[in-house]
Amino acid sequence: MPKQARLSGIKSYRCYTLKEAAALVGVSPRTIRNWIRDGLQLLDASYPPLIRGDDLRAHINAQREGRKVKTGLCEFYCLRCRACRGPAGAMADYEITGNKAMLTAICDVCETLMCKPVSLTSLSAIRAKLDLTIKRDELAL
Ligand SMILES: [Zn+2]
């Protein structure tokens, strides 16, 4: 289990260099660079790069949320079960909006509605495993 980054001590309106940020939250500068690659925002294009305290905190929080269960292509994270679940009856709705799609199904354990965004390229793979009802956004036609 990776070391948990510390949130305490991050000042929202302060800007930190990578080194300062790393020391503050207790991770390596390498980890901070990974976070930037993964979407942690930099203040601007200045050099050395600076990170705002609130962006740093938001990124760590988002990461903690994201540490939830990894789900397979045809699995969902059920918010009520707080676990990875399959769709009841292997049925799901595949709703296409523009160039995105949302997969919706009912939890096979607690019957809560579960959904997740999926890429359009995944359609045939999902279709092979689930009984899909495909819906298209009217505007996209
Ligand atoms: Zn459930």
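Predicted model: local features only at pLDDT ≥ 70, side-chain atom pairs only at ≥ 80, totals over all residues.
User: Thanks! So is Asp38 buried, exposed or partly exposed?

Analyst: Asp38 has a relative accessible area of 49%, so it counts as partly exposed.

User: Where does Asp38 sit?

Analyst: Asp38 is in the loop that runs between α2 (29-37) and β2 (50-52).

User: Switching to the metal: which residues hold the zinc ion?

Analyst: The protein donors are the SG atoms of Cys78, Cys81, Cys107 and Cys110, at 2.1 to 2.3 Å from the zinc ion. Their spacing along the sequence reads C-x2-C-x25-C-x2-C.

User: And why is the arrangement called tetrahedral?

Analyst: The 4 donor atoms subtend angles of 101 to 114 degrees around the zinc ion, which makes it tetrahedral. For reference, the ideal angle for four tetrahedral donors is 109.5 degrees.

User: Is Cys78 buried or exposed?

Analyst: Cys78 counts as buried, because its relative accessibility is 0%.

User: Nice. What's the strand order in the open sheet of 4 strands?

Analyst: The order is β7-β6-β5-β8, and the pairing is mixed. β7 (113-119) and β8 (131-136) are at the edges with a single partner strand each, so one side of each has no neighbour in the sheet. The twist from one strand to the next averages 25 degrees.

User: How do β6 and β7 pair?

Analyst: β6 (residues 100-106) pairs with β7 in the antiparallel sense, over 7 bridges. Ala105, for instance, has Met114 in β7 as its bridge partner.

Conventions: Residues numbered from 1 in each chain as written. Heavy atoms only, no water. Donors = N, O, S within 2.8 Å, 3.2 Å for Na, K, Ca; no water. Tetrahedral: all angles 85-135°; square planar, octahedral: opposite > 155°, others 65-115°. Buried < 20%, exposed > 50% of the residue type's maximum accessible area, 1.4 Å probe, protein only. Helix = DSSP H or I, 4+ residues; strand = E, 2+ residues; numbered from the N terminus. Pairing = 2+ DSSP bridges. Axes fitted to C-alpha atoms, helices over the stretch in contact; angles between N-to-C directions.
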